[in-house]
Amino acid sequence: MNLSNKLKYWYLENKRHLPWRETKDPYAIWLSEIILQQTRVIQGLPYYEAFLKTYPTVFDLANAPEDDILRLWQGLGYYSRARNLHETAKKVAFEYNGSFPNNYKDLILLKGIGDYTAAAIASIAFDEVVPVVDGNVFRVLSRIYGITSDISAGATKKEFQQLAQTLIPQNNPALFNQAIMDFGAIQCTPKSPDCSACPFIKECIAYQTNQVDKLPIKISKVKVKNRYLDFLIFVDQNNCTLIEQRTQKDIWQKLYQFPVIDRFENKKADINSIIQTQYAKINVQNITLMNPKQIVHVLSHQKLHIHFWLINTADVLTEGVQWSELNKFGFPIVIHNFIQSYSNYITNQTLP
DNA sequence: AAACCGGGGAG
DNA sequence: CTCCCAGGTTT
């Protein structure tokens with residue numbers, strides 16, 4: 001039996017039952033694919049349900065304010081996905097009358113849809129015979145065929161695409177693509193794969209040569225920069241505070257935050273003098289460091305060292321937002337979590 | 001080709 | 001602690 005047939009039978013026995021597998025609606029399939037980029041199924045599932053409930057059609061999503069979409073995306077990370085999601089929704093709704101392009105070539109032209117996602121939507125929603133190549137496919141094929149190329153190299157991706165193109169069946173490409181990804185996620189896992197129950201145990205080069213734990217080979221190394229953030233939480237007599245939207249091309253673009261002192265040098269911020277110079281208009285009563293033990297928040301390329309400062313003022317912050325209204329804004333998850341745990345302290349001066 | 005972009009969970 | 005997840009965009 002050939003590889004695609006073995007995969008099919010494995011899949012029919014072991015597949016995960018996921019809501020986006022119960023539909024052929026391109027909108028729902030597109031939504032699921034964007035959410036699942038660099039995201040585990042278990043983490044993306046509640047967001048998929050929430051988005052489909054809040055925005056049942058591409059028109060609902062297109063007509064929504066970007067801030068609402070970012071707030072619903074809050075905590076999922078890679079926020080450019082949410083911004084691109086909105087841009088593509090508007091294009092599909094208003095330029096294509098709500099109909100998604102029905103093929104790989106046109107899908108890949110849309111914002112937020114790259115090689116993988118175009119192939120996934122084209123095959124799953126429209127039965128186009130085009131293979132997906134994601135982390136699961138790299139792992140499964142590199143092991144079965146004993147491919148030792150560096151998967152972080154662009155040429156290697158083409159190599160895997162060509163191989164997958166020879167394997168994907170003409171009759172049910174959607175099943176093949178989902179099967180190979182589920183197989184990689186459930187059985188041929190990065191660590192401790194279940195080789196004893198594997199249908200490819202006889203032909204898997206990696207297993208036969210005892211190098212399952214060495215494949216796939218990935219060389220690229222990311223260097224993580226340290227970054228130091230001191231958030232300034234001004235609170236006036238009416239429990240109003242100052243927030244701002246991040247606009248720079250940087251992490252968390254278009255999410256909200258408290259005013260911040262932001263630097264890449266490990267140098268203690270002189271909060272008092274900074275407030276006196278940059279916020280001279282505000283009549284400060286007292287300044288409290290809320291977390292003497294810094295919060296460390298790790299991103300893929302940055303390690304954030306964070307302090308939150310409570311700054312009471314007798315003034316009325318006319319540009320401020322009521323503390324109880326903060327949940328109407330999308331924050332980076334580290335700030336959101338801080339707000340949740342310190343709300344009582346800030347509004348009632350009681351310890352968390 | 002390389003840099004950049006979140007957050008979480010497994011081992 | 002390290003690794004990596006149904007990747008994509010920008011430089």
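Trainee: Which oxygen of DNA strand C lies 2.9 Å from a polar side-chain atom of Asp134?

Mentor: This is a predicted model, in which local features need pLDDT of at least 70 and side-chain atom pairs count only at pLDDT 80 or more, while totals for chains, interfaces and linings use all residues. Residues are numbered from 1 along each chain as its sequence is written, and side-chain values use heavy atoms, with hydrogens and water left out. A polar contact is a pair of N or O atoms within 3.5 Å, and the partner of Asp134 is a sugar or linking oxygen of DNA strand C.

Trainee: How many residues surround DNA strand C?

Mentor: A residue is near a strand if one of its heavy atoms lies within 4 Å of it. Here 29 residues surround DNA strand C, with Gly112, Gly114, Thr117, Arg139 and Lys249 the closest.

Trainee: What is the volume of the largest cavity?

Mentor: On a 1 Å grid over the protein atoms alone, a cavity is a set of points where a 1.4 Å probe fits but cannot get out, and lining residues have an atom within 4 Å of a point. The largest cavity has a volume of about 110 Å³. Its lining has 14 residues, and the closest to the centre are Phe183, Cys188, Cys195, Cys198 and Cys204.

Definitions and conventions: Chains lettered and ligands numbered in written order. Polar contact = N/O pair within 3.5 Å; in protein donor to acceptor, adjacent residues only side chain to side chain. 1 Å grid on protein atoms, 1.4 Å probe; cavity = no way out; pocket = protein on both sides within 12 Å on 5 of 7 lines; lining within 4 Å. Points joined across faces, edges and corners; volume = space filled by probe spheres on them.
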